[in-house]
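Please read them beside the coordinates.

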Amino acid sequence: MNTLINIGRSFGSGGGYVGQAIGQKLGIPFYDNALISKVAEESGYSKSLFAGEEKRSLFSVSSFFASNRLNSYMDSGIVNDDVMFNIQSEVIRGIADKGDAVIIGRCADYILRERKCLNVFVCAPEEYRIQRLMKEEKLTEDEAEKLMRKKDRTRETYYNYYTFGAWGQAANYHLCIDSSVLGIDGTAEYIIDFGRRAGLIK
């Protein structure tokens, strides 16, 4: 059984850092947007396919695909959001087939719903997230709050549209955890302990 850990996160909660710490502690690959893009490129897609935040929008074929992968996804010269999601799903399933993985975002919990995975949502109080964003992104408090709300709204819309679920709702995950309580390392260790107790981490 491969160890597959899918992590959803509210923006500014440090969920990506938590996922990276889990990967380092377990010695297994960690996949965020940049690394999923790399895998996509190695599979024959352009690395720009998954660049940027999760969102629903239209893209031209010529902008995103290597020529040897065009035919199966052409639709009147346009790659729409649903086709893009199908390609993303193919790449993520390929990652899961290959071996152990920590996957950040991208509806991975839904895409891999028929497999044995640990699904986690990392959250934190708004004030904590705003302070983190102010420090890390060099933003004013107002800028940080606006960015946080925009990114959360984008993630929620994307997740809910493709999974027919509710982003961040506890019932959708094995564990929801507030990263502000234990910090990045402590949160990662707690998730690992939980996963092992649940029989979902080797």
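1. Two strands are taken as paired if DSSP finds at least two bridges between them, and the elements themselves are DSSP runs, numbered from the N terminus, with helices (H or I) of at least four residues and strands (E) of at least two. This is a predicted model, in which local features need pLDDT of at least 70 and side-chain atom pairs count only at pLDDT 80 or more, while totals for chains, interfaces and linings use all residues. Residues are numbered from 1 along each chain as its sequence is written, and side-chain values use heavy atoms, with hydrogens and water left out.

2. On those terms, five strands form an open sheet with parallel pairing, in the order S2-S5-S1-S6-S7. Its edges are strand S2 (30-31) and strand S7 (175-178), each of which pairs on one side only. The pairing of S2 with strand S5 (residues 101-104) is parallel and runs over two bridges, and tyrosine 31 has isoleucine 103 as its bridge partner in S5.

3. Where does asparagine 6 sit, and is the residue buried or exposed? Asparagine 6 belongs to strand S1 (residues 4-9), and its relative accessible area of 2% makes it buried (buried means under 20%, exposed over 50%, and partly exposed in between, with a 1.4 Å probe and protein chains only). Apart from neighbours within four places in sequence, asparagine 6 has contacts (heavy atoms within 4.5 Å) with Ile103, Ala108, Asp109, Leu112, Cys117, Leu118, Asn119 and Val120.

4. Helix H8 (residues 179-197) lies across strand S6 (118-123) and S7, and runs at about 155° to S7; axes here are lines fitted to C-alpha atoms, for helices over the stretch in contact, and angles run from 0 to 180 degrees between N-to-C directions. Valine 181 is placed in helix H8 and counts as exposed at 60% relative accessibility. Together with Leu182 and Tyr190, Val181 forms a nonpolar surface patch with about 310 Å² of accessible area. Such patches are made of residues with over 30% relative accessible area and no salt bridge, like charges being joined within 9 Å and nonpolar side chains (Val, Leu, Ile, Met, Phe, Trp, Tyr) within 5 Å; the areas come from the Shrake-Rupley method with a 1.4 Å probe, and for residues only the protein chains shown count as cover.

5. The whole structure holds 10 salt bridges, each being a side-chain nitrogen of Lys or Arg within 4 Å of a carboxyl oxygen of Asp or Glu. One of them joins aspartate 185 to lysine 25 at 3.7 Å, N to O. Because aspartate 185 lies in helix H8 and lysine 25 in helix H1 (residues 15-26), this pair ties together parts that are 160 residues apart in sequence. Aspartate 185 is partly exposed at 46% relative accessible area, as is lysine 25 at 35%.

6. Lysine 25 also forms a salt bridge with glutamate 189, with the closest N and O atoms 3.3 Å apart, and this pair links helix H8 to helix H1 across 164 residues. Glutamate 189 counts as partly exposed, at 45% relative accessibility.

7. A further salt bridge brings arginine 149 and glutamate 126 together at 2.9 Å, N to O; arginine 149 is in helix H7 (residues 141-163) and glutamate 126 in helix H6 (residues 126-137), 23 residues apart. Arginine 149 is partly exposed at 36% relative accessibility, and glutamate 126 is partly exposed at 37%. Through shared partners, salt bridges also join Lys25, Asp185 and Glu189 into one network.
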